[in-house]
Amino acid sequence: MAHLDSEVKEECLREDLRFYFMNPCEKFRARQQIPWKMGLQILKIVMVTTQLVRFGLSNQLVVAFKEENTAAFKHLFLKGYSGSDEDDYSCSVYTQEDTYDSIFFAINQFHRLRNLSLGTLGYGESEDNRIALKVCKQHYKKGTMFPSNETLNIDSDIEIDCIHLDLEALSKDPQDWKNSSFFRLEFYRLLQIDISFQLKGIDLQTIHSRELPDCYVFQNMIIFDNKAHSGKIKIYFNSDAKIEECKDLKISGSIQKNTQYVLVFDAFVIVICLASLILCTRSIVLALRLRKRFLKFFLEKYKRHVCNADQREFINQWYILVIISDLLTISGSVLKMEIKAKNLTNYNLCSILLGTSTLFVWVGVIRYLGYFQAYNVLILTMQASLPKVLRFCACAGMIYLGYTFCGWIVLGPYHNKFENLNTVAECLFSLVNGDDMYATFAHIQQKSHLVWLFSRLYLYSFISLFIYMILSLFIAIITDSYDTIKKYQQNGFPATDLQEFLKECSSKEKCQEESPAFLSSICCLRRNRSDDHLILIN
């Protein structure tokens with residue numbers, strides 16, 4: 001009797017395992033189980049992509065408004081601005097007169113802003129609740145300098161002096177504040193001048209998209225950098241735009257109804273993702289229970305533990321990917337609803353959440369494509385080659401970092417692509433892919449013959465090593481994994497303990513009665529050549 005109970009439990013476990021490793025269509029044919037998760041994932045792809053496209057179009061308007069205002073500010077407040085930045089700074093001056101003219105020009109433009117600007121701009125309050133323009137200068141505490149006699153006496157302590165010029169002060173005779181002692185600059189002690197002010201604006205272009213407009217606060221700063229004391233003062237313009245909730249919006253028309261429709265759509269996306277999250281979590285919990293039953297049975301019958309590879313078969317990594325994407329979509333949708341209702345303004349975080357979730361959703365489609373042999377080859381090759389590729393990249397990365405540090409310290413002063421570690425890494429990565437090679441060779445300054453010769457040796461050795469050797473080995477690793485998978489598909493995959501257990505039958509009579517089509521529907525079972533067209537993965 002005990003033996004019969006053991007056989008019944010074994011057959012029940014085997015049937016449960018077979019059913020677990022079936023694909024959705026086979027589960028429907030076997031037990032008429034409707035593939036809710038598959039249908040839900042297809043619906044979610046459509047919903048999430050539509051949501052992302054709508055938010056992307058809205059976010060483009062926000063970014064465009066910020067960039068266009070920054071460009072307008074540079075033309076308004078920087079004297080002689082050409083329309084394009086000089087390197088990483090906006091423009092530069094070379095004489096004392098030009099420096100004074102640039103400072104006074106920015107101040108006068110701030111005073112006359114309402115009569116000059118084409119945008120919907122107004123004055124903003126500073127930190128001390130004043131509508132004013134703040135000018136600060138940094139300089140060495142004291143000192144004397146006589147370059148002709150090579151004499152220098154400087155106290156390296158830095159002092160910061162500031163002055164506030166409100167609209168009332170600027171409305172008076174300009175000579176009153178221009179002749180102030182504050183603007184008597186001693187350029188040999190001067191380090192930096194900062195002109196900071198706040199402006200407010202309203203983005204009306206969103207009305208054309210049937211969205212509520214955003215209110216912006218622009219924290220602007222003009223920096224005159226004289227720290228190098230090289231005879232050239234670099235002028236930087238920084239503008240930090242923050243979106244704030246508009247205090248009093250009265251807009252007639254259909255915008256309010258459109259906003260409500262969008263909020264309802266976002267709420268429906270959240271409901272869909274919650275349902276997907278619950279179903280996938282339930283599947284993982286049931287899989288863990290099934291694995292526990294199998295491990296216990298295997299240990300009792302065969303007196304040994306199941307290998308780690310078979311244990312990992314029970315954890316469907318696609319479900320984990322779906323759960324992560326659902327969590328990101330729910331978080332991003334909630335944040336998007338708050339942005340739409342003008343309660344929050346963090347567009348960047350919302351873009352990252354929705355963009356990453358949509359990426360994972362579309363990557364998850366590969367799971368269903370993997371039920372077909374042609375697409376299954378790609379997935380199996382990626383799975384087989386990934387560990388080898390990661391180990392290879394770890395070794396190649398050490399060489400890459402060595403070239404990065406070497407190029408930065410040697411070529412940095414002579415080549416704009418090697419000025420900092422970030423640009424060096426990007427430049428070398430472009431060279432590995434064969435991009436912009438001639439320009440990298442040609443732009444090296446020939447001020448030092450030794451450095452020029454070193455640059456040739458450096459670039460030729462890096463390109464030869466990475467393109468002809470490392471990149472070729474990288475491709476060979478993936479090709480080798482692909483060839484291995486193709487051979488397995490032709491000759492059969494190595495059978496594991498789990499697969500051998502699924503093939504077994506408790507009696508000859510049952511094996512004869514069992515339908516071959518049922519056995520061939522097992523997703524994880526590695527088949528012979530005659531069953532190549534049915535090879536699937538879970």
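The structure is a predicted model, in which local features need pLDDT of at least 70 and side-chain atom pairs count only at pLDDT 80 or more, while totals for chains, interfaces and linings use all residues. Residues are numbered from 1 along each chain as its sequence is written, and side-chain values use heavy atoms, with hydrogens and water left out.

The secondary structure of the protein chain comprises 19 helices and 7 strands. Helices (H or I, at least four residues) and strands (E, at least two) are DSSP runs, numbered from the N terminus. The chain has 538 residues, of which 40% count as buried. Among contacts between residues at least 6 apart in sequence, 71% join residues at least 24 apart.

The unreviewed UniProt entry carries the annotation "transmembrane region" for residues 261-288, 318-335, 347-369, 389-411 and 457-478. UniProt positions are given in the numbering used here, feature names are shortened, and such annotations may be inferred rather than shown by experiment.

Helix H3 (residues 36-77) packs with helix H10 (residues 317-340) at an angle of about 35°, and the two axes are 12 Å apart. Axes are lines fitted to C-alpha atoms, for helices over the stretch in contact, and angles run from 0 to 180 degrees between N-to-C directions. The crossing of H3 and H10 is left-handed. A crossing is left-handed if the near helix is turned anticlockwise from the far one by less than a right angle, and right-handed if clockwise. On the H3 side, the contact is made by Lys 37, Gln 41, Lys 44, Val 48, Gln 51 and Phe 55. H10 contributes Tyr 319, Val 322, Ser 325, Asp 326, Thr 329, Ser 333 and Lys 336. By class, this contact has 4 nonpolar, 5 polar and 4 charged residues. In this classification Ala, Val, Leu, Ile, Met, Phe, Trp, Tyr, Cys and Pro count as nonpolar, Asp, Glu, Lys and Arg as charged, and the others, Gly among them, as polar.

The structure holds 1 disulfide, a disulfide being a pair of cysteine sulfur atoms within 2.5 Å. This link is formed by Cys 136 and Cys 162, whose sulfur atoms are 2.0 Å apart. The pair joins distant parts of the chain, 26 residues apart, with Cys 136 in strand E3 (residues 132-146) and Cys 162 in strand E4 (residues 151-166). The link is right-handed, with 110° about the S-S bond. Cys 136 is buried at a relative accessible area of 12%, whereas Cys 162 is partly exposed at 39%. Cys 393 is in no disulfide, and the nearest cysteine sulfur, that of Cys 395, is 9.4 Å away. The relative accessible area of Cys 393 is 37%, so this residue counts as partly exposed.

Two residues other than glycine have a positive phi. For His 229 the value is about 50°; this residue lies in the loop between strand E6 (214-225) and strand E7 (233-244) and is partly exposed, at 32% relative accessibility. For Asp 436 phi is near 55°. Asp 436 is placed in the loop between helix H14 (421-432) and helix H15 (437-442), and its relative accessibility of 42% makes it partly exposed.

Two buried helical residues complete the description. Gly 407, in helix H13 (residues 373-411), is buried, with a relative accessible area of 0%. Apart from residues up to four places away in sequence, Gly 407 touches Gly 412, Phe 418 and Tyr 458. Gly 407 and Val 424 are 17 residues apart in sequence, and their C-alpha atoms are 6.9 Å apart in space. Ser 455, in helix H16 (residues 449-491), is buried as well, with a relative accessible area of 1%. When neighbours within four places in sequence are left aside, Ser 455 is in contact with Leu 411 and Ile 444.

Definitions and conventions
Contact means heavy atoms within 4.5 Å. Buried means under 20% relative accessible area, exposed over 50%, partly exposed in between (1.4 Å probe, protein chains only).
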